[in-house]
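Please look at the sequence and the structure shown here. The paragraphs that follow lead through a contact between chains.

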Protein chains: 4
Amino acid sequence: MRAAVMPAPGAPIEVRDLPVPALEPGAVLLETIASEVCGTDVHLWRGRLAGVPYPIIPGHVAVGRIAAIGSADRAPASGSSATAPADLEGRRFEVGEVVTFVDVHGTCGACWYCLVARQSTRCPKRRVYGITMGVADGPSGGWAEAILLRPGTQLLRLPPGLDPETFVGGGCGAVTAFHAVRRGGVRLGDSVVVLGAGPVGLSAAAFAALSGADPVIVVGAPADRLAMAGRMGAALCIDLDRLPHAARRDAVLGCTGGRGADVVIEAAGVPAAVAEGTTLCRDGGVLVVAGHYTDGGEMALNPHAQLNRPHLEVRGCWGSDASHFEGAIRTMARHQGRVPWGEMVTRWFPIEESGAALQAVAARTLLKAGIRPTTGSAPGA
Amino acid sequence: MRAAVMPAPGAPIEVRDLPVPALEPGAVLLETIASEVCGTDVHLWRGRLAGVPYPIIPGHVAVGRIAAIGSADRAPASGSSATAPADLEGRRFEVGEVVTFVDVHGTCGACWYCLVARQSTRCPKRRVYGITMGVADGPSGGWAEAILLRPGTQLLRLPPGLDPETFVGGGCGAVTAFHAVRRGGVRLGDSVVVLGAGPVGLSAAAFAALSGADPVIVVGAPADRLAMAGRMGAALCIDLDRLPHAARRDAVLGCTGGRGADVVIEAAGVPAAVAEGTTLCRDGGVLVVAGHYTDGGEMALNPHAQLNRPHLEVRGCWGSDASHFEGAIRTMARHQGRVPWGEMVTRWFPIEESGAALQAVAARTLLKAGIRPTTGSAPGA
Amino acid sequence: MRAAVMPAPGAPIEVRDLPVPALEPGAVLLETIASEVCGTDVHLWRGRLAGVPYPIIPGHVAVGRIAAIGSADRAPASGSSATAPADLEGRRFEVGEVVTFVDVHGTCGACWYCLVARQSTRCPKRRVYGITMGVADGPSGGWAEAILLRPGTQLLRLPPGLDPETFVGGGCGAVTAFHAVRRGGVRLGDSVVVLGAGPVGLSAAAFAALSGADPVIVVGAPADRLAMAGRMGAALCIDLDRLPHAARRDAVLGCTGGRGADVVIEAAGVPAAVAEGTTLCRDGGVLVVAGHYTDGGEMALNPHAQLNRPHLEVRGCWGSDASHFEGAIRTMARHQGRVPWGEMVTRWFPIEESGAALQAVAARTLLKAGIRPTTGSAPGA
Amino acid sequence: MRAAVMPAPGAPIEVRDLPVPALEPGAVLLETIASEVCGTDVHLWRGRLAGVPYPIIPGHVAVGRIAAIGSADRAPASGSSATAPADLEGRRFEVGEVVTFVDVHGTCGACWYCLVARQSTRCPKRRVYGITMGVADGPSGGWAEAILLRPGTQLLRLPPGLDPETFVGGGCGAVTAFHAVRRGGVRLGDSVVVLGAGPVGLSAAAFAALSGADPVIVVGAPADRLAMAGRMGAALCIDLDRLPHAARRDAVLGCTGGRGADVVIEAAGVPAAVAEGTTLCRDGGVLVVAGHYTDGGEMALNPHAQLNRPHLEVRGCWGSDASHFEGAIRTMARHQGRVPWGEMVTRWFPIEESGAALQAVAARTLLKAGIRPTTGSAPGA
């Protein structure tokens with residue numbers, strides 16, 4: 001089977017031929033249909049994340065068809081999770097079904113974070129496909145013809161009508177955005193500002209609008225991404241490149257009763273955006289920090305003027321779990337006719353062109369690059 | 001090894017000699033130090049719970065010394081939980097340590113309730129020692145010389161200074177009460193009424209007082225339990241047998257500014273207590289229903305007068321998880337000099353007298369019965 | 001000025017000619033454009049509410065044009081609220097503007113409920129136009145050519161494009177429903193069941209759908225109200241008259257993963273609906289009780305099966321405040337093209353036919369009756 | 001009547017003789033018993049706050065005896081707050097009672113912050129005794145023989161047994177700390193770090209301990225303040241001057257399972273303390289920023305490492321309202337035998353020595369300075 005491999009930070013992406021792995025009981029071999037180049041993949045290539053076991057196969061979010069399931073007919077040892085893979089309602093998966101999976105897996109279910117804080121995204125044993133698993137773990141990322149899913153990985157069916165390309169159009173960014181909107185506690189009628197018009201920001205705008213937020217304002221650039229923001233549900237799009245900060249603030253105050261937004265979601269990944277977020281939020285409002293999955297450096301913040309006096313609440317938002325995948329998938333299936341998630345993939349690349357796809361995303365010359373093992377043609381082709 | 005067995009509802013408790021079980025990897029054999037007769041055991045004996053695989057060994061909460069650990073030195077299959085048992089910080093347990101365990105185990109970590117609602121107490125796969133596990137599962141309750149803990153069962157060390165008898169004095173009731181106080185959101189300065197002066201109610205009063213609640217009021221009977229309530233932290237004890245409902249309500253209003261309590265915790269197990277709870281709670285307050293672990297029948301409630309107009313919040317509170325065990329144990333260790341949990345066990349019984357212990361609890365002739373395999377003498381002996 | 005007066009419970013509605021009141025500083029005289037017959041008016045007529053100073057002019061929610069404002073140019077005494085009426089942003093109102101008002105007023109801002117619980121709907125000093133104010137207080141309800149608004153009454157502008165008839169189509173029920181949806185904490189993707197297809201239930205379905213709830217299920221009758229529910233946003237409408245309880249439950253479980261709804265909103269006003277609500281809610285879910293503004297009697301509830309074991313949360317929901325008016329009005333203005341609030345008024349009546357309007361609502365022969373001082377013709381006429 | 005006046009920033013405090021003011025209906029003349037020098041007074045003297053109408057009489061928190069009440073026997077205009085002053089239960093105050101008052105008053109009860117956000121501390125019309133009211137408003141601060149309280153000011157009785165000196169020992173800092181502990185959501189068993197050992201930090205430690213927090217850790221200096229922290233309820237006191245940051249962090253991790261505290265309360269007023277707070281908090285924990293009532297400049301923060309990845313929640317905490325006064329006073333009354341609030345006043349000064357008191361607080365040569373019009377001797381004298 002072919003796979004695009006990132007050998008080390010900065011090294012060119014290579015296409016390698018890997019052996020098809022054997023399946024332990026409860027494991028799943030997924031024939032990849034579609035994956036994506038996520039901003040995290042750019043960070044991986046730049047060597048910005050710690051604990052990455054290069055060489056790796058990127059593509060932590062993907063959709064595939066179940067090609068095989070490791071036999072699990074023996075009664076599993078009690079407490080063991082080597083059971084047949086099943087959905088959230090306990091229905092077993094069958095060969096041939098089209099599914100995605102929660103990239104974070106191996107959560108221990110036994111540590112303080114899992115059991116007391118109920119915050120599995122901080123479990124020290126968790127592993128992430130395409131990021132903290134490498135070629136040595138078998139084919140464990142979506143830039144490959146197949147993905148080996150360990151026993152206990154949570155699979156989710158794509159609902160009828162949600163095709164793989166549309167889901168991957170949202171992809172990792174949509175799941176992250178769903179979490180951010182939940183974390184912000186967005187309610188019917190809340191005013192929401194989203195900072196950043198990349199995949200996370202665009203999906204956050206969509207989910208906020210579907211939550212009844214009014215208005216939904218996106219601050220970002222360049223113009224074509226803002227146009228997309230409007231189509232995703234934003235009522236007001238503010239061009240970061242054309243309006244200075246004071247004017248951006250005036251625009252937000254102007255449509256929020258002079259107070260600022262109830263909820264601001266930072267999805268820009270630029271430290272200064274977090275500081276700006278505090279100035280766009282109303283007193284007593286909520287600022288969700290969801291764009292800093294890698295270290296982009298420091299910002300200056302005035303605790304009196306930007307935290308204490310405005311009685312602000314700043315909520316970091318890390319990782320996603322099965323609840324966010326479930327919610328994002330179901331919402332995308334329900335509203336795909338209304339929200340153009342599929343169009344967020346500007347271009348699809350075959351495995352052989354993964355390196356080019358990565359370069360394009362790094363250079364921001366396209367909004368989002370999809371990876372399809374079988375073909376690089378347009379969605380639906 | 002000897003064990004007290006409940007063969008069927010209504011049948012006399014028998015002492016049987018069971019084989020010492022073999023240990024699969026990750027399992028633990030616990031040499032029982034102390035267990036208890038919980039109200040649930042009375043319900044089990046009356047046949048009031050569904051899905052109980054009689055014959056069973058009751059005693060779902062217990063303390064013991066680790067006698068053996070099933071070898072788990074082979075690298076476990078990925079995703080498998082057959083790893084060496086470890087505490088919440090990941091430190092392995094050793095033979096000889098004194099521990100208790102979370103009675104609910106086998107939670108799947110893969111269903112909607114585990115992953116989306118993050119509410120493992122509703123996982124359909126969970127099992128409970130001493131309740132939904134029977135003799136056929138090996139020695140799986142505390143009324144026995146040893147308990148077989150399946151791989152994946154969460155063990156917790158008793159902190160230095162918290163002796164087994166004191167912990168079992170609180171026991172299941174303390175863990176349930178800790179959950180109820182958390183569920184009620186009790187804060188510094190809140191007025192709290194606890195309905196019921198049994199093991200759950202007394203511990204709820206203690207935890208509420210330790211949370212800074214003021215005043216803490218207990219409504220119950222008979223007089224000796226109320227005296228105990230005062231020693232656990234209640235500022236006002238109202239004798240259910242001596243004051244009619246209207247007078248009880250007047251007493252509560254009298255020390256809550258005429259409004260009723262901020263939080264009412266029902267721990268009585270009598271349907272009428274829930275209805276009474278709505279009348280003791282202030283408008284906009286919270287009523288936690290924590291006493292109905294078995295079906296005690298119906299009550300009449302007026303939705304206008306008791307729910308809608310008073311803007312009340314009624315919160316059912318089911319089961320306990322590792323977070324409640326962890327919190328209860330730590331709090332008991334910290335405050336055991338101040339709160340007499342150990343004295344809640346009125347009498348300790350040897351395994352051979354488990355039947356008598358059960359009868360005494362059923363007849364309410366003692367507050368709480370402890371079970372100690374080795375001796376029936378007074379605590380500390 | 002003419003007004004429809006309810007002289008006493010059960011007595012026929014009379015049209016009386018009242019003097020135009022003088023205005024104290026800060027008071028407002030509103031020339032009524034539209035008001036409504038609310039379910040509460042039926043209860044008032046049946047004598048089911050305590051503390052009503054008959055004779056009264058019903059119509060607690062209304063829209064009008066500001067005819068006069070009591071002079072307030074003198075610098076008001078400090079702390080006094082006899083200032084010129086202003087909107088939530090502090091902009092003064094002018095003669096000629098079209099506004100509605102928060103029916104609850106006179107909240108003291110000084111009692112425990114106002115200041116500590118921040119729950120002004122339980123302030124003992126609050127008064128309600130059309131309910132706890134009567135003819136002796138001047139024209140104080142919407143079934144009249146003009147309404148006298150006391151100083152301190154909160155006025156709200158109808159936003160551009162929201163015509164009075166559309167707002168009154170939602171009316172009191174929409175504001176109550178907005179509060180109920182907020183109180184239920186409805187989030188994007190939550191499944192929601194609404195019990196009751198009257199004005200509150202229909203608006204609750206609409207607001208839940210606008211909050212991204214999926215699916216939204218309405219249980220009610222008769223068929224024409226259910227048809228309206230579908231147009232308001234419900235994905236599934238269950239006819240109470242045609243399906244027995246068990247089948248209704250199966251239908252709800254069938255589209256909620258077998259678990260029941262995340263949030264159930266009771267808007268039926270029938271005690272049995274609250275009990276049924278507990279059976280349609282998932283374990284750990286939320287049941288909002290919003291339909292019992294008057295005493296409809298008792299229901300039987302099993303605390304074990306319906307509260308404790310399912311870890312349910314039941315939240316009474318009383319009254320509405322300025323935040324609910326503000327949110328409901330803004331949401332209705334934003335989505336009026338999509339949600340047919342205006343069509344909820346089946347027929348408009350002139351003041352002279354207020355009695356007939358009341359009878360029709362009492363007999364449930366129409367969904368909602370509007371009152372228009374000037375004409376009884378169709379909306380928009 | 002004599003009053004200590006701050007004529008302008010930097011100018012020496014002067015004692016002036018002011019006329020005893022006339023009372024409008026509902027106003028109260030309070031004969032001052034005790035007031036304090038708060039950190040805010042130092043900021044006022046340094047000219048660090050905007051909108052201060054110098055000359056002012058500092059002392060925004062004080063206790064006094066009611067000397068006179070402005071006649072309010074005429075039926076007040078409806079909606080007017082010029083009613084006789086009453087407590088939260090509606091009981092009228094009488095001449096001779098010993099009371100304190102909520103320093104923030106004049107809240108409009110009509111703006112978006114008052115009515116929609118229910119966050120009166122951000123009401124633009126609010127005024128604060130001793131800070132935004134000056135000599136031109138009459139005697140409006142506690143450094144005077146009497147204080148003029150405007151109609152609508154919320155008065156609170158000191159409960160039996162809570163003497164004025166003990167309450168002022170806590171004073172403004174205790175009320176602020178009560179708010180901060182509430183804002184942090186501190187629960188039984190939570191680990192809490194307090195940064196700062198001044199009046200706010202010490203009371204925060206006390207309230208956290210009374211909430212059942214365990215452990216309570218105070219980081220501050222110098223040694224005598226830390227000794228006081230231990231007496232207020234801290235289990236661990238870390239000397240800021242003797243341990244570098246890394247060692248402080250190790251100490252906190254060492255007693256919080258290696259994770260950091262559940263809740264960190266910043267009460268230091270130094271920007272760097274906020275940044276340090278993020279490093280002492282566990283992943284998913286809460287950091288309350290309560291020490292920055294004046295502009296102390298900026299800090300550097302890394303959004304990735306200090307907000308996003310640790311899934312942190314940072315909550316600014318501004319001002320206090322009647323609920324915090326009520327809770328703080330009641331809690332102090334209940335626990336004054338256990339917590340030495342009264343001893344926090346290192347020395348009492350007469351009005352004539354207010355300037356010296358201010359200098360001592362500015363120089364941090366004493367923990368807290370009290371002001372007593374009648375005498376400068378030791379508490380209780």
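Arg183(D) forms a salt bridge with Glu313(A), with 3.5 Å between the closest N and O atoms; a salt bridge here is a side-chain nitrogen of Lys or Arg within 4 Å of a carboxyl oxygen of Asp or Glu. The model is predicted, so local features need pLDDT of at least 70 and side-chain atom pairs count only at pLDDT 80 or more, while totals for chains, interfaces and linings use all residues. Residues are numbered from 1 along each chain as its sequence is written, chains are lettered from A and ligands numbered from 1 in the order in which they are written, and side-chain values use heavy atoms, leaving out hydrogens and water.

Between chain A and chain D there are six salt bridges. By class, the side of chain A that touches chain D has 17 nonpolar, 12 polar and 11 charged residues; Ala, Val, Leu, Ile, Met, Phe, Trp, Tyr, Cys and Pro count as nonpolar, Asp, Glu, Lys and Arg as charged, and the others, Gly among them, as polar.

In contact terms (heavy atoms within 4.5 Å), 40 residues of chain A meet 40 residues of chain D. The two chains bury about 3,700 Å² between them, and carbon and sulfur atoms give 52% of this area; buried area is the accessible area (1.4 Å probe) that two parts lose on being put together, summed over both.

Strands β15(A) and β15(D), the latter being residues 299-301, pair in the antiparallel sense over three bridges. Strands are DSSP runs (E, at least two residues) numbered from the N terminus, and two of them pair if DSSP finds at least two bridges between them. Ala300(A) has Ala300(D) as its bridge partner.

Note on methods: Helix = DSSP H or I, 4+ residues; strand = E, 2+ residues; numbered from the N terminus.
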